[in-house]
Amino acid sequence: MASVVWTAASHLPQYDELHRFARVNKQQCKAALLVYLDMTEAKNFLDVGIHHSDIKKITYFSGRESHDAVLDVFIPIRTEEMVTINWLHLLFNTLIHPETQRAPES
């Protein structure tokens, strides 16, 4: 069943965009696509955008839960990746403009 869902998801236009950003890293692309599908299909987020940071070499998403909500940022990270508070702080400072609470355009 999971392989059927993955095969169907890999035909979405967003898959091509994520795969281009992930630069042949299929595991990163799969993690990003699962986060995207969760945001758009399961949680019905609005204004979902796909972004890429060449500086940090990551793909991330922005979206809002409702029309009046602030824009949130979502970073797909695989469970086996090491994440530190310092890395998150550096990533936050790179990706977010605190004065507008909006993700920068990629």
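Buried means under 20% relative accessible area, exposed means over 50%, and partly exposed lies in between, with a 1.4 Å probe and protein chains only. By that scale V35, at 23% relative accessibility, is partly exposed.

This is a predicted model, in which local features need pLDDT of at least 70, side-chain atom pairs count only at pLDDT 80 or more, and totals for chains, interfaces and linings use all residues. Residues are numbered from 1 along each chain as its sequence is written, and side-chain values use heavy atoms, with hydrogens and water left out.

## Overall layout

The chain holds four helices and three strands. Both kinds of element are DSSP runs, numbered from the N terminus: helices are H or I with at least four residues, strands are E with at least two. Their order along the sequence is α-α-α-β-β-β-α.

The chain has 106 residues, and 31% of them count as buried. Its accessible surface is about 7200 Å². Carbon and sulfur atoms hold 56% of that surface. These areas come from the Shrake-Rupley method with a 1.4 Å probe; for residues, only the protein chains shown count as cover.

A contact means heavy atoms within 4.5 Å. Take the contacts between residues at least 6 apart in sequence: 43% of them join residues at least 24 apart.

## The nonpolar core

A nonpolar core is a set of buried Ala, Val, Leu, Ile, Met, Phe, Trp, Tyr and Cys residues joined through side-chain atoms within 4.5 Å. Which residues make up the largest one? There are ten: Y15, L18, C29, A32, L33, Y36, M39, F45, I50 and F61. Two elements give two or more residues each, α2 (13-22) and α3 (26-42). Helix α3 provides the largest share, five residues.

## V35 and its neighbours

V35 sits in helix α3. Leaving out residues up to four places away in sequence, V35 touches F61, F74 and P76. P76 is 41 residues from V35 in sequence, yet their C-alpha atoms are 6.3 Å apart.

## Aromatic pairs

A pair of aromatic rings is described by the distance of the centres and the angle of the planes. Rings of Phe, Tyr and Trp (its six-membered ring) pair if their centres lie within 6.5 Å; planes under 30 degrees apart count as stacked, over 60 as edge-to-face and the rest as tilted. The count here is two aromatic pairs.

| Pair | Centre to centre | Angle between planes | Type |
|---|---|---|---|
| Y36 and F61 | 6.0 Å | 40 degrees | tilted |
| F45 and F74 | 5.3 Å | 85 degrees | edge-to-face |

Y36 lies in helix α3 and F61 in strand β2, so this pair ties together parts 25 residues apart in sequence. Y36 is buried at 11% relative accessibility. F61 is buried too, at 0%.

The other pair joins the loop between α3 and β1, where F45 lies, to strand β3 (residues 72-74), where F74 lies. Those parts are 29 residues apart in sequence. F45 is buried at 12% relative accessibility, whereas F74 is partly exposed at 26%.

## Salt bridges

Side chains of opposite charge can pair when their charged atoms come close. A salt bridge is a side-chain nitrogen of Lys or Arg within 4 Å of a carboxyl oxygen of Asp or Glu. The whole structure has two salt bridges.

One joins R64 and D47, at 2.9 Å from N to O. This pair links distant parts of the chain: R64 is in strand β2 and D47 in strand β1 (residues 46-53), 17 residues apart.

D38 is partly exposed, with a relative accessible area of 31%.

A polar contact is a pair of N or O atoms within 3.5 Å. Within protein, one atom must be able to donate a hydrogen and the other to accept it, and residues adjacent in sequence count only if both atoms are side-chain atoms.

What joins the side chains of T59 and H52? A polar contact of 3.4 Å does. T59 is found in strand β2 (residues 58-64), and H52 in strand β1. T59 is buried at 3% relative accessibility. H52 is buried at 13%.
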